[in-house]
Amino acid sequence: FKEEIVQEQFDDSFIEMDNENQENQENQEDDNSSQDDNPEDKEEKKTVYYRNRKVIVQKYIENPLLYYKRKCDIRIWVLLTHRLRVYIFKEGHLKTCSEDYDLNSKNAFTHITNYSFQKYSSNFQKFYIGNEVPFSDFQEFLDKTYPDKKYSVKNNLMKRASEIISLTMKCAKKHINRKNRKFCFEIFGYDFMLDEDFNDFFLNYTLINKILDNFYKRKKGGI
């Protein structure tokens with residue numbers, strides 16, 4: 001799949017700035033705690049702070065399609081070139097939880113699929129390396145578990161994902177590569193989810209440079 005469309009590069013800096021501002025504010029509140037010990041005043045300050053923040057609210061999908069009783073979402077890799085062309089990698093994977101799904105469970109390992117979180121579960125990698133299921137195994141599961149649906153990862157999932165990716169790209173055409181830099185690219189990890197009725201949902205995307213940055217930090221200076 002290739003199309004001359006563009007991708008909005010959401011700037012994570014505003015999130016980092018918000019976190020830093022929140023930390024600074026909380027530290028300041030702690031420093032002033034001896035001067036102002038009124039709980040109501042503190043709660044009011046926090047209310048005002050959060051009221052002024054920019055946030056995105058996303059409804060929790062209560063009936064996700066389960067992979068052998070475990071919650072999962074779908075990761076698809078996307079590359080954007082300096083020519084504003086987009087390439088979608090055909091071989092994505094599922095990110096799965098380590099515990100069986102229970103909507104009412106307070107065990108976060110049943111709800112949060114992220115690798116960075118699941119790696120702390122005692123059941124991490126019990127079924128798959130990195131809790132990641134390749135599309136080939138996912139398709140085999142679908143054919144076996146939902147034969148009447150005749151759902152195809154290639155013809156249904158990837159087609160719909162490509163449409164959604166195209167829309168997100170086109171939304172920010174004028175914001176991309178404003179300095180007209182040459183021979184550069186960006187890689188995005190798009191996350192999707194299916195519910196038990198095979199309705200699809202776009203969750204979010206991650207910039208690969210953030211992933212690499214965290215990897216190098218774990219390696220204490222890189223490779």
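Cys72 is buried, at 5% relative accessibility (buried: under 20% relative accessible area; exposed: over 50%; partly exposed: in between; 1.4 Å probe, protein chains only). Cys97 is buried too, with a relative accessible area of 1%. The sulfur of Cys72 lies 8.3 Å from that of Cys97, its closest cysteine sulfur, which is too far for a bond. The structure holds zero disulfides (a pair of cysteine sulfur atoms within 2.5 Å).

The model is predicted; local features need pLDDT of at least 70, side-chain atom pairs count only at pLDDT 80 or more, and totals for chains, interfaces and linings use all residues. Residues are numbered from 1 along each chain as its sequence is written, and side-chain values use heavy atoms, without hydrogens and water.

Five salt bridges were found in the whole structure (a side-chain nitrogen of Lys or Arg within 4 Å of a carboxyl oxygen of Asp or Glu). One of them pairs Asp73 with Lys95 at 3.6 Å, N to O. Asp73 lies in strand S3 (residues 70-81) and Lys95 in strand S5 (residues 93-100), so this pair ties together parts 22 residues apart in sequence. Strands are DSSP runs of E, at least two residues, and helices runs of H or I, at least four, numbered from the N terminus. Asp73 is buried, with a relative accessible area of 5%. Lys95 is buried at 9%.

Lys95 also bridges to Asp191 at 3.0 Å, N to O. Asp191 sits in strand S7 (residues 185-194), so the contact ties together parts 96 residues apart in sequence. Both Lys95 and Asp191 are buried.
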